[in-house]
Amino acid sequence: MEIIEVGPRDGLQNEKVLVSTEDKLELISRSIDAGLRRIEATSFVHPRRVPQMADAEAVMAGVPRRPDVSYIGLVLNRRGFDRAVAAGVDEVNCVVVASETFSQRNQGMSIADSLQGVADLAGDARAAGLGLSVTIAASFGCPFEGEVPETTVVDLARRVHDLGVDEIALADTIGVGVPPQVSRLAAGVAAVAPGARLRCHLHNTRNTGYANAVAALDAGITVLDASTGGIGGCPFAPDATGNLATEDLVYLLDRSGIDSGVDLGRVIGTARWLDGVLGAPTPGQLARAGAFPGSLAD
Ligand code: ZN
C-alpha cells in the first residue's frame, strides 16, 4: 500500500495562514523521514489564483534530492507544465473534472479542453522522463451539479487511459462518497483501463473518508492520497474540508496488518508540529488520541 503525502500542496493550498517556504520544506523533510516516498510538493498555477503556491519554484529548489523520493507537481496547463519541468519535478499530476460546471470553475475550461490539454502534455512528459498521473476531480459528486453519473467518470477514465498516463486517480474532491460508490467506480475504471495504476484521493468532509479508503483497498486500489494532520480543502469547491489524515490512515493500515512503510509516530509528531505552524489544531484524530498499543508518539 502506497501513501502519497499531499499535505504540502492539496493540504496547504486552502489554508488562510500563508505558510513560509521554510516550513513547507520542513513538512516535506519530515514526511520523507517518516517514510513517505511520493510527495505532492506544490502546484504550478497562477499565484493570483492560489497565493499559497506562489513559491512553487522556491520549494522545488529547496527539497532534498534522493533517488528513492519522487516529487509531484500539479499542473493545469502548458505554462504550468513548463514551469514544473524547469523546477525539476519527478512527476506531473494533471486534473480533469467529471462535471462541466466544476471544470469551468476549477480549471477555467471545458472537460473536453482539459482532456485535450492532457493529451498535448502526455508526449512531452514522456519525452522529459516524467511520470504522468491524472486526477479525475469530483468523481463522487459535484458541488454545483450534484450527482455525477458513474458512467461519466468511467468514460473519462477510459479516455485518460487511452492517452497513456501512468496513474489515474478517482478524487472525492468534496467528500461526498460512500464505500459502495468506491467499489463500483474502482471496478468500472479497472475494466476500461486495464493495467493502469489506480489511486484514490479522498476527503473526509462527511466522515466517510476512512470507510472509503477501506473500500478502495478491498477493490484492489494500491495508492491513496493523504495529508499529514488531515489538512486541506479546495479554493474552488465551497466548504470542502480536509484530506484523509496520513497518521489516521497509517494507524488504520498498521492495525490491519497492511504495510505502508510509514512511521506512525513520526507522522503524529509532524501533525503536532503543523498545529503550531497553522495556529490551530489539525483535523486528524491520532495526534490527539495517540497510538495504540503503547505510546509511539513523541
Ligand atoms: Zn483534494
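R37 counts as partly exposed, because its relative accessibility is 28%. Buried means under 20% relative accessible area, exposed over 50%, and partly exposed in between (1.4 Å probe, protein chains only). The model is predicted, so local features need pLDDT of at least 70 and side-chain atom pairs pLDDT 80 or more, while totals for chains, interfaces and linings use all residues. Residues are numbered from 1 along each chain as its sequence is written, and side-chain values use heavy atoms, without hydrogens and water.

What does R37 pair with? R37 forms a salt bridge with D68, with the closest N and O atoms 3.3 Å apart. A salt bridge here is a side-chain nitrogen of Lys or Arg within 4 Å of a carboxyl oxygen of Asp or Glu. R37 sits in the loop between α2 and β2, and D68 in the loop between α3 and β3 (70–75), so this pair ties together parts that are 31 residues apart in sequence. Helices (H or I, at least four residues) and strands (E, at least two) are DSSP runs, numbered from the N terminus. D68 is partly exposed too, because its relative accessibility is 38%.

The whole structure holds 19 salt bridges. Another of them joins K24 and D55, whose closest N and O atoms are 2.8 Å apart. K24 belongs to helix α2 (residues 21–33) and D55 to the loop between β2 (38–44) and α3 (56–62), so this bridge also links parts 31 residues apart in sequence. Both K24 and D55 are buried.

The bridge between D82 and R78 has a distance of 3.8 Å, N to O. These two residues are four places apart in helix α4 (residues 78–87), so about one helical turn separates them. D82 is partly exposed, because its relative accessibility is 39%. R78 is partly exposed as well, with a relative accessible area of 36%. Salt bridges with shared partners also build one network from E2, R38, E91, E167, R197, R199 and D225.

Two of those network members lead on to the strands. In β7, E167 has R197 as its bridge partner. Strands β6 and β7 (residues 197–202) run parallel and are paired over six bridges. Two strands count as paired if DSSP finds at least two bridges between them. On another pairing, strand β5 (residues 131–137) is joined to β6 by four bridges, again parallel. There, V134 has I168 as its partner in β6.

Helices connect these strands. From β5 the chain passes through helix α7 (residues 150–162) to β6, and this β-α-β crossover is right-handed. That means the path from the first strand over the helix to the second runs clockwise, with the strands pointing away from the viewer. A right-handed β-α-β unit is also made by β6, helix α8 (residues 179–192) and β7.

How enclosed is strand β6? Six of the six residues of β6 (residues 167–172) are buried, so the rest of the structure largely encloses this strand. In a regular strand the side chains alternate between the two faces of the sheet. In β6, both faces are covered: E167, A169 and A171 are buried on one side, and I168, L170 and D172 on the other.

D172 is also a contact of N212. N212 touches D172, G177, V178, P179, V182 and L202, leaving aside residues up to four places away in sequence. A contact means heavy atoms within 4.5 Å. N212 lies in helix α9 (residues 209–218). At 0% relative accessibility, N212 counts as buried.

Next come the cores. A nonpolar core is a set of buried Ala, Val, Leu, Ile, Met, Phe, Trp, Tyr and Cys residues joined through side-chain atoms within 4.5 Å. The largest one has 79 residues, and Y71 and V92 have the most contacts inside it. Helix α6 (residues 111–127) contributes the most to this core, with six residues. V92 touches, among others, I72, F81, A125 and L132, not counting residues up to four places away in sequence. A second, separate core has eleven residues, including V19, L27, I231 and V277.

The last stop is the zinc ion. Its protein donors are D10 (OD), H201 (NE2) and H203 (NE2), at 2.0 to 2.1 Å. Donors are N, O and S atoms within 2.8 Å of the metal (3.2 Å for Na, K and Ca); water is not among the atoms, so sites may look incomplete. Along the chain, the zinc donors are spaced as D-x190-H-x1-H. D10 lies in helix α1 (residues 7–11) and H203 in the loop between β7 and α9, a pair 193 residues apart that links distant parts of the chain. D10 is buried, because its relative accessibility is 4%. H203 is buried at 2% relative accessibility.
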